[in-house]
Amino acid sequence: MLRVAGVRKSFGDHVVLDGIDLTVEPGEVVCLIGASGSGKSTLLRCIDLLEQTDDGDIFLGDLELTDPAIDENATRARIAMVFQAFNLFPHLSVLQNLTLGPRRVKGVSKAEAVRRAHELLARVGLEAKAGSYPDSLSGGQQQRVALVRAVAMDPELLLLDEVTSALDPLLVAEVLDVIRQLKDEGRTIVMATHEMDFARECADRIVFLAEGRIVEAGPPEQLFTAPQDPRTAAFLARHR
Ligand code: ADP
Ligand code: MG
């Protein structure tokens, strides 16, 4: 589904991604962990074409995302990203937030987009909020809407960048529940997270980054119980 090979990225003379190789299979949930500044967001942003890589290839299926001639509109419907800060359109209702992308980017009819939006809102317990505006929702509710808005596009790949980090601790669980649902329905997800318990329970694979390199990757049980690299062990000990 996703293949990242030899990806490098610097900002000025600061090397932020130093040769990243990563393959993600359909239906896999991969959690990126690592200290702040290790390059997690930059990697996700390179995959989402928000940053240009300096070197290396990124493929989504057969489509080369790093091809300089890529048509970004062709990928927009295939990859969806949700960020730490709630990024709903503040001037649109919850329902309009959910229907805009499918209508504009995918050409879905209004009736079908509305039907699907209600279905998605019901799934995350927010049907009653369809007519509300984002600023009247709690942070957790806004992130649940942001997640189903991403899913409304039916993307092949979902990128989540610390979607619970800005939330009141009491609201984290409701957002993680939605991600768990997305995993259960077979979505392919690459997510940066500091929620170690969630990563351990939900990830098929954990990727530990330090200083722009993948230090270690493997199934959660392996990483958490028998880390091979002392840097992984030290990081996990600090985040227990
Ligand atoms: P993480 O998400 O793991 O915390 P980031 O990918 O956000 O790490 O950042 C990795 C490094 O790249 C950090 O040192 C950060 O300051 C730097 N960085 C990220 N974006 C930019 C940018 N647009 N310009 C300059 N430096 C950046
Ligand atoms: Mg980050």
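Two strands are taken as paired if DSSP finds at least two bridges between them. Helices (H or I, at least four residues) and strands (E, at least two) are DSSP runs numbered from the N terminus. The structure is a predicted model, in which local features need pLDDT of at least 70, side-chain atom pairs count only at pLDDT 80 or more, and totals for chains, interfaces and linings use all residues. Residues are numbered from 1 along each chain as its sequence is written, while chains are lettered from A and ligands numbered from 1 in the order in which they are written.

**View 1. The open sheet with antiparallel pairing.** Four strands make up this open sheet, in the order β2-β1-β4-β5. Its edges are formed by β2 (14-24) and β5 (63-64), each of which pairs on one side only. Strand β1 (residues 2-11) runs antiparallel to β4, and the two are joined over five bridges. R3 has F59 of β4 as its bridge partner.

**View 2. The surroundings of ligand 1.** The shell consists of F11, V16, G34, S36, G37, S38, G39, K40, S41, T42 and A192; a residue is near the ligand if its C-beta atom, placed from the backbone, lies within 6 Å of it. Helix α1 supplies the largest share of this shell, three residues. By class, three residues of the shell are nonpolar, seven are polar and one is charged. Here Ala, Val, Leu, Ile, Met, Phe, Trp, Tyr, Cys and Pro count as nonpolar, Asp, Glu, Lys and Arg as charged, and the others, Gly among them, as polar.

**View 3. Helix α4 and its buried face.** Helix α4 (residues 110-123) has 14 residues, and its end C-alpha atoms are 20 Å apart, in agreement with the 20 Å that it should span at 1.5 Å a residue; the expected span is 1.5 Å times one less than the number of residues. A113, A117 and L121 are buried in α4. A residue is buried if 20 or more other C-beta atoms lie within 10 Å of its own, exposed if 12 or fewer, and partly exposed in between, with C-beta atoms placed from the backbone. Seen down the axis of α4, its buried residues fall within an arc of 65 degrees, so they line one face of the helix; the arc is that of the directions from the helix axis to the C-beta atoms. An α-helix has 3.6 residues a turn, so residues three or four places apart point the same way. The cover over the buried residues of α4 includes α3 (94-104) and α5 (139-152), where contact requires C-beta atoms, placed from the backbone, within 7 Å. After α4 comes G125, with a positive phi near 70 degrees.

**View 4. Helix α6 and its cover.** The 16 residues of α6 reach 24 Å from first C-alpha to last, close to the 22 Å expected at 1.5 Å a residue. V175, L176, V178, I179 and L182 are the buried residues of α6. Down the axis of α6 these buried residues fall within an arc of 155 degrees, so they line one face of the helix. L170 and D184, on the other side of α6, are exposed. Covering the buried residues are elements including α5, β7, β8 (188-192) and α7 (196-202). G186 follows α6 and has a positive phi, near 90 degrees.

**View 5. Positive phi at L49 and E162.** L49 is not a glycine, although its phi is positive, about 65 degrees. This residue, L49, lies in the loop between α1 (40-47) and β4 (55-60). L49 counts as partly exposed because it has 17 C-beta neighbours inside 10 Å. E162, also a residue other than glycine, has a positive phi near 50 degrees. The loop between β7 (157-161) and α6 (169-184) contains E162. With 21 other C-beta atoms within 10 Å, E162 is buried.

Terms used
Two residues are in contact if their C-beta atoms, placed from the backbone, lie within 7 Å.
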